[in-house]
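This briefing covers a two-chain protein model.

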Amino acid sequence: MNRNLIAINTASLRADEAVWRAVTVKKLLPLLADQHLIGTAKEYALRYLKRDRTIYAANDKNTIPTYKGQKCFRIPDEIHDDFISNWKNSEYLFISIEGTDAALTVIAVFAESAKSSFDQISSRDATLRLNVFDLPPIRATSVTSPELRSAIYKWLGDEHSDLFSINAHRFLNSTHILTSLFAHIGSISSKESVHFIDRIRIIGDHFRKWMEPRIKSIEKDHHDLWGHVYGERISFIDGGMSRIIGLPSVEPMGIRVGTYTVIPGEERAEEREHWSMDSAVIGDILSDRSIIEDQDYKTDSKRLQEAARYILEPLSLLTHSKKIPLPYICLLHGPLQNQFSQYDELRPAYIPGVDADFLAARGIEKQDIVNDLRDIATTQSGKQLWNSAMAVYAFIMRRINEVDIPMLGVVERAASKAMIHTSLKNLVDDGVITRQTSSRVRSEIMQLDVDDQIVFGCLLKPGEYIEPMEVTKNPANRANDRWRPLMPQIPKIFSTVLKCGEDAYPFRVEFNRRFADDKIQEVMKLVYHTSLLLPRYAFPVGIDIVDKFAKIPDWMSKGISSHLAANVFRYCLQEGDVRTLRLMRTLLSRSPRDFFFRPKA
Amino acid sequence: MTTDIEIPSETGSDKINVTVWGRITELSRFNPFLPAEATVELADEGLSLTDTVLSNTRDQVEGKVLVLGRTSSNDYSALVPLNYPVQPGAVVRMPKPADIRRILIGDDEDVHRLELGTLIGRKDVSVALKTNIIVARHMAILAMTGGGKTVAARRVIRELLDQNYPLVILDPHGDYLGLWEKRKLFKDKQINLYFPSLSVNDKNLGLVAYLVSQMTQGLTDAQKEKFHEAIDRIDLNGDRELSVTNFIDLLLKELSGLKKKGTHPGTIPAVRRGLNMVRGKIGAMEIANQKLRQRLSQYKWKPMPDPLTAPEQFVRPGHASIVYLGGYDHLTQSTIVALVLQHLFDNRASMANTIPPFLTIVEEAHNFIPSRGEGQMDTPSVEIIRKVITEGRKFGVGLLLVSQRPSRLDETTLSQCNTFLVFRLVNPRDQAFVEKVMENLSRSDSKLLPGFGPGEGIVSGQAVRFPLLVRVKFDKDLVPQGIGDEDFLSAVAEWTGSTQAEAVERGDSFEKDLEGL
């Protein structure tokens, strides 16, 4: 992206009748300096800092007029008075011209005096020799020295970060974001690709302006934060899966959910850290095939794995939340609540019912579910599907919602657009933007195919998050008819997006319920600071720790050959003892080196 | 470390239980749950790990083990190469001291051993070297300054003296003078302190010719004729013995009386020049050596006996003869070493039976057998040291080479040593050289060299069954009191000036006054 800069002495040009007439009467701002600065561009977008410090941004393109042989920028009617007033009350005007011929942006910002601008710029770097480059300007100076231009841009960016979209610039220009954007640009049309970055930046800019009151900021202060959570129990939870290669069936699939609980400030190692593992195989979780009515069914193996994991993870979280002494907060790696409507016993998933013994072992009986949920679906023969994955999941979600402790789902690399859509809906509901603008933004986002992490990456600064928004993850219309009445009983969750590093993607944080603002701030402060402990990865370090802990090692996934697994099962089946069979399956989902993560083969 | 495994027997029909022995070559400790970038943030922010959610209880220690071989599960005496893989996941054990001793010694229980120290990390396991291998097949001790080579050499000397084994110590810097100071610790042993004193008698008339050939450009045939003519005129019959310088004075006198007729006019002056050169050098160095000895007046010095005529004064059972070479230049030191070694070796090789087998300790060995790259291949001692290292074994003449710059040593000579004791070496060139010369030194072993502490090293070769990491026993009682680092600060404080300095000061004062005009 090209960047050019012109510094204008407003006082001296007020005395120039031709220029002053162009500004006041013709409402044009002559380029005054080198005409080639705008290249062959025919149109431009204007951004301007008004006297009340708000930003005027006209993203619709203006044509570039010519006045007395000089190229000019048009001063829009709605800001003309403000512009004249600014001109009269300021000594200098900076005009930044950036972008390409196809997408030119002009940014105008006044400076009251040399003291408020040039003195500050030179005080930052004593080696800059402003006078050599005719600065401060006597009339109009095009800043040609790259070092000087960069120094002035740095100062302007720090002073007016929103006007210059510094945050979006830095985010979009960081190497790894650019790399992924480049890959993304390859998947959209060439026409869209040309203006891709500029259009994202504009979306980010506007979104930020609209969302401003909903953006919360956290100050980095490790000592304050860790002092605040001193002696509290903080839990991190994550699940892992393994497949035994060579067996014709997808089963048995090992699932384990690891928990890492730590007490900051506790010096005694045995008291400070607690590690636990909840292990199971899919067949032990989803085993009741009697609830599937279709005689010619074939369970969707991928969905079966997902359903088992989506049930075991929150169930472990729920169990953990009740452990005495109670944790201060629980953070789950991944969504707190999933879109679960596709995991029913009907076509195409054909998910078996949850094993009653599995539930009982975790303190859940049939009566608990039946008493808690209304309109549980029944089979055609009238059998109540109380242990269907759908009902069990709804029950678990309702229990999690009731927990007073903050239960968080932390989602990295979220490719969804859910937060954008929810934000737009809220903005329309609150009257911040019109339905038409919302549709226009939606269409732009669809066209560019950008997701939450790119848009919020542009609009948020490090340490900022969006006020948690109520999100419906399981709308009734997505469920099969028989399960529709159940869906509204699944509680809504509250989602936010937090950005931890300048050039890092933001991540989504889901809350189990609505908490008071100060509690949310307290919790987000903890999430932010645990992420700062991984400054480059910018993700809560405790989740990274439990992720490694819960991973099923390679040797278990790949190393156990079909020969071994088949022999083990043949032996168990010959024994005819269900307990032995269950034990063997559970053992296969465990690792003897329970804290190892993926050892080298 | 050991691990018990089952391997197929050689006939393949059944399986046998064996114990596999290994040496830990690398240890690392890491915590998979503590990301490196988190530690950077902790440091930047001045945070304590325990105040955060980071984990510090799951660190792991991982060791790499070099397999040494296998033994029977119930008898550790015979160590043979392992030719079957170790069982993955097998339990690894730390063997008992008695078991390690067994594996270190094997079946050779009756062989005399020289106690060197203990295994690094296993103070309860002593390391001993086969004495006969050391004295007959040569050994090299290599280390940088402060690495422990003198401590190790003292250890070997003490052990050998205990066995009454004769020792000749060629000491350029006086590192071994302390042995004389501590002579009472060596009961019934004799420590001799010699300073080089080259004398000529009727049996070694060739000495001066040898010195002239080594210390000058040598003589032409015509010059040699005149030289020998002059020698023939000197009467050294009977017990008459002259110092080299006095003998040269006599020669010079005789040369001036020779007939010049029939010879080139430049012949006699050339011989005179050569002799004057040798006399000047030796004279100056004798004075330097004398001054050094005067500073070490507490020691009882004796002039070095003639190795040709009196080898038994050098080499006797229970005797350690230290030849202090301080004050002599490199060439002269080398000439003296060559002279001593040559005569003693010849004596043994001639089967004269006047001296018993002995071991020569050559300190600063890189000065006496420099590598070809050093451009000092004409160093007089090279030839005889090469001869001793290749043929010495037959005649009971052993060498212990001590050096702090292994890469400056002659590779061929060094590689003939059968036992190596290598301490800390930081110079990469020295490390690479040692790795090249020592057949048994693995890559992982050579990586250990820069990390050794004082007295810690690796011993390898025929004196041990396999390379061992050893901490050499420090003989504290042998540390000399009389020799230490000089106190230069006190010397400067007590400095009263010199005549020359006073003269310079007067001149400075005059210049200063002139400048003031």
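In chain B, strand E2 (15-30) and strand E3 (60-72) each supply at least two residues of a nonpolar patch. The model is a predicted one.

**Nonpolar patch on chain B**

- The patch on the surface is formed by Ile24(B), Leu27(B), Val61(B) and Val65(B).
- Together these four residues have about 360 Å² of accessible area.
- Val61(B), one of the patch residues, lies in strand E3 of chain B.

**Contact between chain B and chain A**

- Chain A brings 34 residues to the contact, and chain B brings 21 residues.
- About 2300 Å² of area is buried between the two chains, and carbon and sulfur atoms give 61% of that area.
- Two salt bridges are counted between chain B and chain A.
- In a salt bridge between Lys220(A) and Glu45(B), the closest N and O atoms are 3.1 Å apart.
- On the side of chain B that touches chain A, helix H1 (residues 36-45) of chain B gives the most, with five residues.
- By residue class, that side of chain B has nine nonpolar, seven polar and five charged residues.

**Salt bridges in the whole structure**

- Over all chains, a search of the whole structure finds 49 salt bridges.
- In chain A, a salt bridge joins the side chains of Arg309(A) and Asp238(A), with an N to O distance of 4.0 Å.
- Because Arg309(A) lies in helix H13 (residues 301-321) of chain A and Asp238(A) in strand E11 (residues 234-243) of chain A, the pair ties together parts that are 71 residues apart in sequence.
- As a general point, side chains of opposite charge can pair when their charged atoms come close.

**Backbone of chain A**

- A cis peptide bond runs from Ile324(A) to Pro325(A), with omega near -5°.
- Pro325(A) is in the loop between H13 and strand E15 (329-333) of chain A.
- The peptide bond from Arg347(A) to Pro348(A) is also cis, and its omega is near 5°.
- The loop between E15 and strand E16 (353-354) of chain A holds Pro348(A).
- Lys27(A) has phi near 60°, which is a positive value in a residue other than glycine.
- Lys27(A) is located in the loop between helix H2 (17-24) and strand E2 (28-30) of chain A.

Notes:
Residues numbered from 1 in each chain as written. Chains lettered and ligands numbered in written order. Predicted model: local features only at pLDDT ≥ 70, side-chain atom pairs only at ≥ 80, totals over all residues. Heavy atoms only, no water. Contact = heavy atoms within 4.5 Å. Buried area = accessible area lost by both parts, 1.4 Å probe. Helix = DSSP H or I, 4+ residues; strand = E, 2+ residues; numbered from the N terminus. Nonpolar A, V, L, I, M, F, W, Y, C, P; charged D, E, K, R; others polar. Patch = residues over 30% accessible without salt bridge, like charges linked within 9 Å, V, L, I, M, F, W, Y side chains within 5 Å. Areas by Shrake-Rupley, 256 points an atom, 1.4 Å probe, with all protein chains shown as cover.
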